[in-house]
Amino acid sequence: MSTSPPSSIVETQSVDETLALGERIGRALLPGTVIALVGTLGSGKTHLVKGIARGNAAPAGVEVTSPTFVLINEYPGRLRLYHIDVYRLRSPAELAALGFDEMTDAGGAVLVEWADRVSELLPDDHLHIEIEITGAATRRFTLDGSGSEAAGVLRTLG
Ligand SMILES: Nc1ncnc2c1ncn2[C@@H]1O[C@H](COP(=O)(O)OP(=O)(O)OP(=O)(O)O)[C@@H](O)[C@H]1O
Ligand SMILES: [Mg+2]
């Protein structure tokens, strides 16, 4: 018998609230967690990643920006975080060559902006976060776990 995967909706009223949501997620990350960030331009994907890096205890001075000249940004912390922005990849095929296994097998967590553009490359078990712009300063985050590990992270989030 299967049960429907856990899902939760969080609405934020400011950048700070989005950072705080990210921090909660960053604390809940497990080794090997892959997060698919889906939302239009300026919806808040990178700000959420900033919060996640903080919650993952990134040392002071670690700067979170979308990877532009490199394929992947890496942020140290409790777990090693890998930040990929598919929109800025010259060729999404570059990502296929990388594979997620190397990053997750080593116990890292992977955050992918514009993940819907490479959905066929994502591991089955990942946390899907959809961001909707609901106002000038408001955003709606819908979190879905597709797999037991992602579901575990969601449960920790409560
Ligand atoms: N509640 C909110 N949470 C996050 N960002 C917000 C919020 N309200 C307004 N904003 C603004 O929305 C923008 C979000 O930018 P951000 O770079 O995080 O988006 P993004 O989804 O990564 O964009 P891109 O698709 O260009 O990578 C910022 O300008 C930020 O100030
Ligand atoms: Mg971004």
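In the predicted model, the exposed residues Ser148 and Arg155 lie on the face of helix H5 that is turned away from its buried side. The buried residues of H5, which spans residues 148-157, are Glu149, Ala150 and Val153. Because these residues cover an arc of only 100 degrees around the axis, they fall on the same side of H5. The elements covering the buried residues of H5 include helix H1, strand S6 (126-133) and strand S7 (139-146).

Two packed helices are described by the angle between their axes and the distance between the axes. For H1 (residues 15-28) and H2 (residues 45-55), the angle is about 45 degrees and the axes are 6 Å apart. H1 is therefore oblique to H2. The crossing in which H1 passes H2 is right-handed.

On the H1 side, the contact is formed by Val15, Thr18, Leu19, Ala20, Leu21, Gly22, Glu23, Arg24, Ile25, Gly26 and Arg27. H2 contributes His47, Leu48, Val49, Lys50, Gly51, Ile52, Ala53, Arg54 and Gly55 to this contact. Classified by residue type, the contact of H1 with H2 comprises 9 nonpolar, 6 polar and 5 charged residues. Among the charged residues are Glu23 and Arg24 of H1 and Lys50 of H2.

Technical notes: Residues numbered from 1 in each chain as written. Chains lettered and ligands numbered in written order. Predicted model: local features only at pLDDT ≥ 70, side-chain atom pairs only at ≥ 80, totals over all residues. Axes fitted to C-alpha atoms, helices over the stretch in contact; angles between N-to-C directions. Helix = DSSP H or I, 4+ residues; strand = E, 2+ residues; numbered from the N terminus. Parallel < 35°, antiparallel > 145°, perpendicular 65-115°, else oblique. Left-handed = near helix turned anticlockwise from the far one by under 90°. Contact = placed C-beta atoms within 7 Å. Buried ≥ 20, exposed ≤ 12 C-beta atoms within 10 Å, placed from the backbone. Arc of directions from axis to C-beta.
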